[in-house]
Amino acid sequence: MRNIGIYYAFWCNEWDADFLPYIEKVKTLGYTQLEINGGTIVDMSHEDRMKLKKEADKYEIKLSYGIGLTEENDVSSLDEKTRLNGLNFMTKMIRAVGSMGGGTIGGTVYSSWPKQLPKGNRRLDYLNQSLKSMKVLSKIAEKENVILLCEVLNRFEQFLLNTCDQALDFVKEINSPNCKILLDTFHMNIEEDSIIEAIIKCGDYLGGLHLGENNRKPVGLGMMPWAEIKKALDKINFQGSLVQEPFVMSGGQVGQDIAVWRDIITNPNLDKLAKDSATYIKNNLA
Ligand SMILES: [Mn+2]
């Protein structure tokens, strides 16, 4: 049985949140994992981190961490000062997660988000900066029991890693057991020729999978070919976690960054949606 997780921001309009109450909540709703914001973890005190870890242990909830680096912390920046800021921030995050026992940090760990290629610039220059940074960060991750997951995003949100093929080249160049790929069905649906083939091609490099419907409703309420996706995961003997990342509410910074310009579901009962969806994932994907 694979771990089934959900991203806390399903319930939030802002990225910063108190994660503590979500641990019991997601357990009750049928999950074994909660994905939280790695940026918030950096700002928390050691005591608060330990409190969170204790609560997660109590409910047997695995914690995982997500981040889309800001422009100021862009580890792919052509500006060396900015890149070093980013390295410093990511190092703090890796050590903070390490102090909580380690785990995965996934998302745009290799660049900033959302970001388009600045006009007149070359993707390759940013890619090389990012590789340089990720080689350093992977070494730190190796010491802290942390796995960095480079998430492949669609073209409207990022320009460096849009396909599984690009991500494979990227992580092979980094060449660390603690740097892997995070695929997300929502993004793959836009960029890949075949979601199934991409998962199979990724093989052992696949460190995690984000589950997202085409419309980012909870899993089971869209058009994704989940039965085929499960077959692909079984074929590569995928042992990582399945974390769903639904977004249905407009408003706040989350609505802005995710481009939710309308309520995707009117007056949603979020807990019931999350619960039904956990059951769906358990029955169809885990
Ligand atoms: Mn994702």
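Residues are numbered from 1 along each chain as its sequence is written, and side-chain values use heavy atoms, with hydrogens and water left out. Because the model is predicted, local features need pLDDT of at least 70 and side-chain atom pairs count only at pLDDT 80 or more, whereas totals for chains, interfaces and linings use all residues.

Helix 3 covers residues 46–58, and its 13 residues reach 18 Å from the first C-alpha to the last, close to the 18 Å expected at 1.5 Å a residue, the expected span being 1.5 Å times one less than the number of residues. Its buried residues are Arg 49, Leu 52, Glu 55 and Ala 56, where buried means under 20% relative accessible area, exposed over 50% and partly exposed in between, with a 1.4 Å probe and protein chains only. The partners against which the buried residues pack are helix 1 (20–29), strand 2 (33–37), helix 2 (38–43), strand 3 (62–69) and helix 4 (80–99), with contact meaning heavy atoms within 4.5 Å. Just after helix 3, Glu 60 takes a positive phi of about 55°.

The next stop is the manganese ion, whose protein donors are Glu 151 (OE), Asp 184 (OD), His 210 (ND1) and Glu 245 (OE), lying 2.1 to 2.2 Å from it. Donors are N, O and S atoms within 2.8 Å of the metal (3.2 Å for Na, K and Ca), and sites may look incomplete because water is not among the atoms. Along the chain, the donors follow the spacing E-x32-D-x25-H-x34-E. Asp 184 in strand 6 (residues 179–184) and His 210 in strand 7 (residues 206–211) link distant parts of the chain, 26 residues apart. Asp 184 counts as buried at 1% relative accessibility, and His 210 is buried with a relative accessible area of 3%.

Some backbone features remain. In the loop between strand 4 (103–112) and helix 5 (123–144) lies Pro 114, which a cis peptide bond with omega of about -15° joins to Trp 113. Asn 145, although not a glycine, has a positive phi of about 60°, and this residue is found in the loop between helix 5 and strand 5 (146–151).

Conventions. Helices (H or I, at least four residues) and strands (E, at least two) are DSSP runs, numbered from the N terminus.
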